[in-house]
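Visitor: I would like to learn how to read a model of this kind, feature by feature. Could you take me through it, with the general idea before each case?

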Amino acid sequence: MFGIDVRQKAWSAGLIVLFFVAWELFCLMTGMSDLVLPRPSQVFVTLVQRFPVLWPHIVQTLATTMLGFVLGVALGVALGAIIGVSKTAYDTCYPLLIGFSSIPKVAVVPIFVLWFGSGTVPAVLTALSICFFPIVVNIATGLATTEPELEDVLKALGASKLDILWNVGLPRTMPFFFASLKVAISYAFVGAVLSETVASNRGIGNVMMTASSNFNVPLVFAGLFVLAGLGVALYVVFSLIEGQVTGWATRKNDVIAT
Amino acid sequence: MRMQPNAQFDGQPVPEGSATTAIELSEASVTFGRGDRAVPALSKTTLKIADGEFVALVGPSGCGKSTILRLVSGLVQPTSGVVIVGGREVAARAMRVGMAFQNPTMLPWMTIERNIMLPLKIVEPFRSKFRKLRKTEFRDKANALLEQVGLKGFGNRYPWQLSGGMLQRANLCRALIHEPRMLLLDEPFGALDQFTREELWAILQNLWMTHKPTVLLVTHDLREAGFLASRICVMSARPGRILDDSRVDFARPRTVAMTFEPDFVALNQKLRAFIEDARSAAQQGAD
């Protein structure tokens, strides 16, 4: 198993290297102007040179993302718990939730700007509103799939709904929850950058917007690289946490024969 | 194979021929749904079970056997009639009975001993002491029970590391950990192979002989009923009624070999005839 794992990783890394090498060669061979598509090497140089300028914007974007994410998770867990526990609440709230979730979030940014002015607040709110839906759905699903027999065993012992939620429902939901966190953190990130691009004077989104209006294309791409790097980093962090907390859910497959 | 009585349960009342009634159903009926879609599950059933009895409920499938269990545990309220358990009418709050189903439903993120201790987290007087005693007294208690069902040393394994038969034994332990006066079993061995099942009969018999809870066992298996029960109630097809109620007086501990002796086979055949009748009556009713 170990050997296959390492080989798989080598292939993945190889593909990434190959991608950049192909890009570099393509630009060199076609003599592509860096106003259209800069070479990756140019982008890296720009990234390193401008890093001191980019840093506060990175911090801003990260902070906005995390704040929106944390609020989104809190709201998502609360709403998901209510919907998951009560069938009535589920049936009542679901149409409205679907309605909200199907609104393209870029369309609500102007409204947030109208209410709170441009800057950090609309970015946080956009991040929140875009990331909370997957959490609601996953928490609700996790809670709704509790085995009825176990629920009966506990009810026969006089367990309250809260007892069952705390001892069975929530732990059972953890794999669903962490799977949704990975998705949600990426969404929150997208939301924050989106809002910065439209209405902010700080953050990576804003840097890219400004750079593109100055035709500083390598800087635009440098911003893109930063975003990709941050996105991957956040995903990895939550995958690691997931593995730590809910290892039981993946191990469960190694069932020993009867 | 016989187990020594467990010291922890010595304080439990052991009914030596006592006539204390543990469960009493009088004219209890249950109907699910309302109006046109109402399904009668149980009709005017009267049943009296003494403290410490081991009663098996047998009958054609869908006859309301499980409904009786759910009535006794307080999970379902009678549509009409009265259900008295442990001297009180069963209200919405159930009264700490131990239950086990065919599906062992062990929580996959907990070790077996922590799974077994779950009822202690819920039921008083253990609940308030759980934090303090979960690593000492309660854990020992769980492991003592595991030892009685032949799972010594498996306490710190995870459910996915155990076979189906082992999980079902752990399930019995979980149903007994809070020292319930009543044990309700709904086809607990239905999903197991014949040999494992027979092995678990002996284990359940030992548990019953040691702890003496009142047991109500729902089963499809007539041999299982004859092996385990001190009394067998045969139920009619839906809506269920009790057709026959007979004592089983074979000496204990019973062995699998006994189930092939003429007396036992005769009992089996008698029960079988009742169920056949009930089934054909139901079919005629349907035509």
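Guide: Let us begin with strand pairing, where two strands count as paired if DSSP finds at least two bridges between them, strands being DSSP runs of E with at least two residues and helices runs of H or I with at least four, numbered from the N terminus. In chain B, strand S1 (residues 21-32) and strand S2 (residues 39-50) pair in the antiparallel sense over eight bridges. The two strands S1(B) and S2(B) form a hairpin with six residues between them, and B:Ile23 has B:Ile49 as its bridge partner in S2(B).

Visitor: What should I know about numbering and confidence before going further?

Guide: Residues are numbered from 1 along each chain as its sequence is written, while chains are lettered from A and ligands numbered from 1 in the order in which they are written. This is a predicted model, in which local features need pLDDT of at least 70 and side-chain atom pairs count only at pLDDT 80 or more, whereas totals for chains, interfaces and linings use all residues. The model scores ipTM 0.75 and pTM 0.72. As for pLDDT, the predictor's confidence in each residue from 0 to 100, chain B averages 82, and 90% of the residues score at least 70. Over residues 1-18 of chain B, however, the pLDDT is below 50. Where pLDDT is low, the predicted coordinates should not be read in detail.

Visitor: Which residues have the most contacts inside the largest nonpolar core?

Guide: A nonpolar core is a set of buried Ala, Val, Leu, Ile, Met, Phe, Trp, Tyr and Cys residues joined through C-beta atoms within 7 Å; buried means that 20 or more other C-beta atoms lie within 10 Å of a residue's own, exposed that 12 or fewer do, and partly exposed in between, with C-beta atoms placed from the backbone. The largest core here has 87 residues, and B:Leu57 and B:Cys173 have the most contacts inside it. Helix H6 (residues 164-176) of chain B gives the most to this core, with seven residues. A second, separate core of 46 residues includes A:Leu125 and A:Leu219.

Visitor: How is chain A built?

Guide: Its secondary structure comes to eleven helices and zero strands, and 35% of the 258 residues of chain A count as buried. The unreviewed UniProt entry annotates residues 58-238 of chain A as "domain: ABC transmembrane type-1", although such annotations may be inferred rather than shown by experiment.

Visitor: Where is A:Val217 found, and what is it in contact with?

Guide: A:Val217 is found in helix H10 (residues 217-245) of chain A, and it counts as partly exposed because it has 19 C-beta neighbours inside 10 Å. Two residues are in contact if their C-beta atoms, placed from the backbone, lie within 7 Å. Leaving aside neighbours within four places in sequence, A:Val217 is in contact with A:Asp34, A:Leu35 and A:Pro38. The C-alpha atoms of A:Val217 and A:Leu35 are separated by 5.6 Å, with the residues 182 apart along the chain.

Visitor: What backbone geometry deserves a second look?

Guide: Most residues other than glycine have a negative phi, and most peptide bonds are trans. B:Glu187, not a glycine, has a positive phi of about 45°, and B:Lys212, also not a glycine, has one of about 50°. B:Lys212 counts as buried because it has 20 C-beta neighbours inside 10 Å, whereas B:Glu187, with 18 other C-beta atoms within 10 Å, is partly exposed. A cis peptide bond joins B:Arg252 and B:Pro253, with omega about -5°.
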